Amino acid sequence: MILNDKYKFMFFAEPHAASRAMSRMLDEIEGSESVGEHHMTHASGIERGLLPESGHLRFAVIRDPRELIASRIAHYQNVFRDMASGPSPDEIVERYVTAHC
């Protein structure tokens with residue numbers, strides 16, 4: 001999580017959305033500092049006294065869920081490609097949705 005008091009913004013990192021690259025870039029801006037854990041929530045930061053309650057623009061970058069699912073399917077197809085009897089694409093999607101949705 002990146003906090004910048006000079007330009008009054010907070011960047012909240014979301015999983016699987018290039019958040020580490022965004023955090024590194026934003027951390028280089030004057031007045032920025034990395035606060036708490038990478039995937040810290042606003043509520044958690046306030047509870048712990050790490051973040052101001054207001055006065056800063058809060059933003060995050062999220063990934064289209066369809067792109068995330070497509071990426072996971074491609075990954076699992078590569079994993080199972082060399083197996084003689086790997087799951088079908090439909091089974092891969094069903095496994096992913098059951099585990100992550």
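Let me start with a word we will need: a residue is buried when its relative accessible area is under 20%, exposed when that area is over 50%, and partly exposed in between, using a 1.4 Å probe and protein chains only.

Now, what are we looking at? This is a predicted model, where local features need pLDDT of at least 70, side-chain atom pairs count only at pLDDT 80 or more, and totals for chains, interfaces and linings use all residues. Residues are numbered from 1 along each chain as its sequence is written, and side-chain values use heavy atoms, with hydrogens and water left out.

Let's begin with the overall layout. The protein chain has 4 helices and 4 strands; these are DSSP runs numbered from the N terminus, with helices being H or I of at least four residues and strands being E of at least two. Reading from the N terminus, the order is β-β-α-β-α-β-α-α. The chain has 101 residues, and 27% of them count as buried.

Next, contacts, meaning heavy atoms within 4.5 Å. Among contacts in the chain with a separation of 6 or more, 56% are between residues 24 or more positions apart.

Let's zoom in on helix 1, residues 19-27. Which residues of this helix are buried? They are Ser-19, Ser-23 and Leu-26. Looking down the axis of helix 1, these buried residues fall within an arc of 70 degrees, so they line one face of the helix; the arc is that of the directions from the helix axis to the C-beta atoms. Here is a handy rule: an α-helix has 3.6 residues a turn, so residues three or four places apart point the same way. On the face turned away from the buried side, helix 1 carries the exposed residues Arg-20 and Arg-24. And what do the buried residues of helix 1 pack against? Their partners are strand 1 (2-4), strand 2 (9-11), strand 3 (32-34) and strand 4.

Please find Ser-19 in helix 1. Ser-19 counts as buried, at 6% relative accessibility. Leaving aside neighbours within four places in sequence, Ser-19 is in contact with Phe-11, Ala-13, Glu-14, His-38 and His-39.

On to the cores. A nonpolar core is a set of buried Ala, Val, Leu, Ile, Met, Phe, Trp, Tyr and Cys residues joined through side-chain atoms within 4.5 Å. The largest one has 7 residues: Met-1, Leu-3, Met-10, Phe-12, Val-35, Met-40 and Leu-51. Apart from it lies another core, of 5 residues, including Ile-2, Phe-9, Ala-13 and Leu-26.

Now for the rings. How many aromatic pairs does a search of the whole structure find? The search finds 2. For Phe, Tyr and Trp (its six-membered ring), rings pair if their centres lie within 6.5 Å; planes under 30 degrees apart count as stacked, over 60 as edge-to-face and the rest as tilted. Phe-9 and Phe-59 make a tilted pair, 5.9 Å centre to centre with 55 degrees between the planes. This pair links distant parts of the chain, since Phe-9 is in strand 2 and Phe-59 in strand 4, 50 residues apart. Phe-59 is partly exposed, with a relative accessible area of 27%. Then come Phe-11 and Phe-59, with ring centres 5.3 Å apart and planes at 50 degrees, so that pair is tilted. Phe-11 is buried, with a relative accessible area of 1%. Together, Phe-9, Phe-11 and Phe-59 form one aromatic cluster.

One last stop: His-56, in the loop between helix 2 (42-47) and strand 4 (57-59). Is His-56 buried or exposed? His-56 is buried, with a relative accessible area of 13%. The side chains of His-56 and Asp-5 are joined by a polar contact of 2.8 Å. A polar contact is a pair of N or O atoms within 3.5 Å; within protein, one must be able to donate a hydrogen and the other to accept it, and residues adjacent in sequence count only if both atoms are side-chain atoms.
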